[in-house]
Amino acid sequence: MSKPYLETQPDKKGFFGKYGGAFLPPILEKPLAEIEEKYQQLKDDPVFIAELNSVRKHYQGRPTPISYAKNLSEYCGGAKIYLKREDLNHTGAHKLNHCMAEVMLAKYLGKKKVLAETGAGQHGVALATAAAYFGLECEIHMGEVDIKKEHPNVVRMKILGATVVPATHGLKTLKEAVDSAFGVYMETYEDTLFCVGSVVGPHPFPLMVRNFQSIVGFEAKEQFLELEEKLPNHVIACVGGGSNAMGIFSGFIDDDEVVLTGVEPEGKGKKIGEHAASLTYGEEGIMHGFNSIMLTDEEGEPAPVHSIASGINYPSVGPEQAYLNSIGRTQVALCNDDESIDAFYKLSQLEGIIPALESAHAIAYAMKLAKTLPKDQTILVNLSGRGDKDIDFVVENYPIPKHSE
Ligand SMILES: *Cc1c(COP(=O)(O)O)cnc(C)c1O
């Protein structure tokens with residue numbers, strides 16, 4: 001038998017085919033090598049594994065269930081739709097899966113502090129939660145504009161004990177927050193671990209974050225086999241950086257008969273600035289320390305992007321997703337803002353589950369696909385998070401439909 005896929009990618013330098021790697025200022029080469037060495041040692045260490053498993057079970061509430069969306073499936077009138085319920089993971093999304101593990105790694109590395117940037121604040125909240133649990137300091141950099149826009153998440157981070165540092169230069173959003181956090185990291189790496197929020201950034205982060213998220217796919221495969229006594233025909237996840245997608249895909253990559261689809265945000269349209277569909281409309285290039293497919297403007301700088309779901313509003317994509325797409329193992333679908341709102345309300349009213357707007361992109365594509373498939377086919381969707389964070393924005397901009405509409 002050949003090796004399981006996950007053991008074959010990335011290579012020693014962190015390349016998935018030609019994508020990935022580590023394109024860094026020389027000063028950061030040593031600290032990143034130290035992180036990788038420790039990670040390679042801990043991933044097979046029974047003490048580390050036992051602690052992580054215990055945290056997942058007794059603190060996060062894993063395994064999360066798989067729910068059969070009976071009403072939604074009947075509404076669509078075709079394939080059966082199942083949901084992997086990462087909305088029930090502590091803090092309400094999949095991000096805590098890698099944040100708990102990253103902060104544990106920081107603890108085993110003897111670091112005192114974890115550091116990150118955040119856009120909408122979701123990664124900041126998950127990291128602040130993990131830091132509180134493990135008793136480490138937490139510093140989150142966030143653009144001044146985003147701080148005003150994402151007030152509840154800023155308050156959450158502060159309640160959890162994190163320091164929120166505003167990025168006050170340039171456009172005062174995510175890019176400036178990355179610059180600001182990286183600046184601090186270059187001066188403080190001796191006692192600080194930089195924690196990346198998705199399967200992006202320089203090696204070894206895409207590898208580590210994928211492996212920390214793969215629990216979602218491993219659980220899902222076992223649970224699905226128990227429920228249906230066969231594998232799903234389709235597995236679907238929304239793609240921003242790609243961590244929830246790589247998490248659930250990890251359970252099924254070696255099963256060639258399972259179709260794996262990442263759903264990208266087409267926002268308001270196909271023009272640059274109207275969407276954040278990097279794999280669909282982007283080109284190869286280097287950004288944020290890694291080589292992948294990305295959206296750039298005429299100067300080669302990260303292009304402006306738009307999605308109603310801020311968590312998937314990113315001008316690039318993780319290198320592994322770019323690789324799997326290039327070899328045809330995964331495929332991409334699109335969902336625009338309006339379709340995601342429709343799916344948001346449909347799942348709420350038919351199943352009693354309010355999804356995150358990010359996850360609603362995956363639901364929208366699943367609904368479209370289900371209608372075209374016979375009833376004996378099955379679709380498994382990664383419901384990456386719950387939608388509490390989105391409710392005010394949604395009802396202010398899109399009136400609540402009557403249940404029958
Ligand atoms: C952050 C976020 C995403 C997007 O991140 P990926 O790394 O692409 O998974 C998706 N869903 C939710 C709920 C999120 O918070």
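Reader: Why is the ligand said to lie between domain 1 and domain 2?

Author: Domain 1 (32-57 + 95-209) and domain 2 (61-92 + 214-397) both give residues to the shell around the ligand, so the ligand lies between them; the domain bounds come from an automatic or database domain assignment. This is a predicted model, in which local features need pLDDT of at least 70 and side-chain atom pairs count only at pLDDT 80 or more, while totals for chains, interfaces and linings use all residues. Residues are numbered from 1 along each chain as its sequence is written, and side-chain values use heavy atoms, with hydrogens and water left out.

Reader: Why is Phe48 called buried, and why is Tyr108 called partly exposed?

Author: Buried means under 20% relative accessible area, exposed over 50% and partly exposed in between (1.4 Å probe, protein chains only). Phe48 has 4% and is therefore buried, whereas Tyr108, with 23%, is partly exposed.

Reader: Why is the pair of Tyr59 and Tyr133 called tilted?

Author: Tyr59 and Tyr133 have 45° between their planes, at 4.3 Å centre to centre, so the pair falls into the tilted class. Tyr59 counts as partly exposed at 29% relative accessibility, and Tyr133 is partly exposed at 39%.

Technical notes. Rings of Phe, Tyr and Trp (its six-membered ring) pair if their centres lie within 6.5 Å; planes under 30 degrees apart count as stacked, over 60 as edge-to-face and the rest as tilted.
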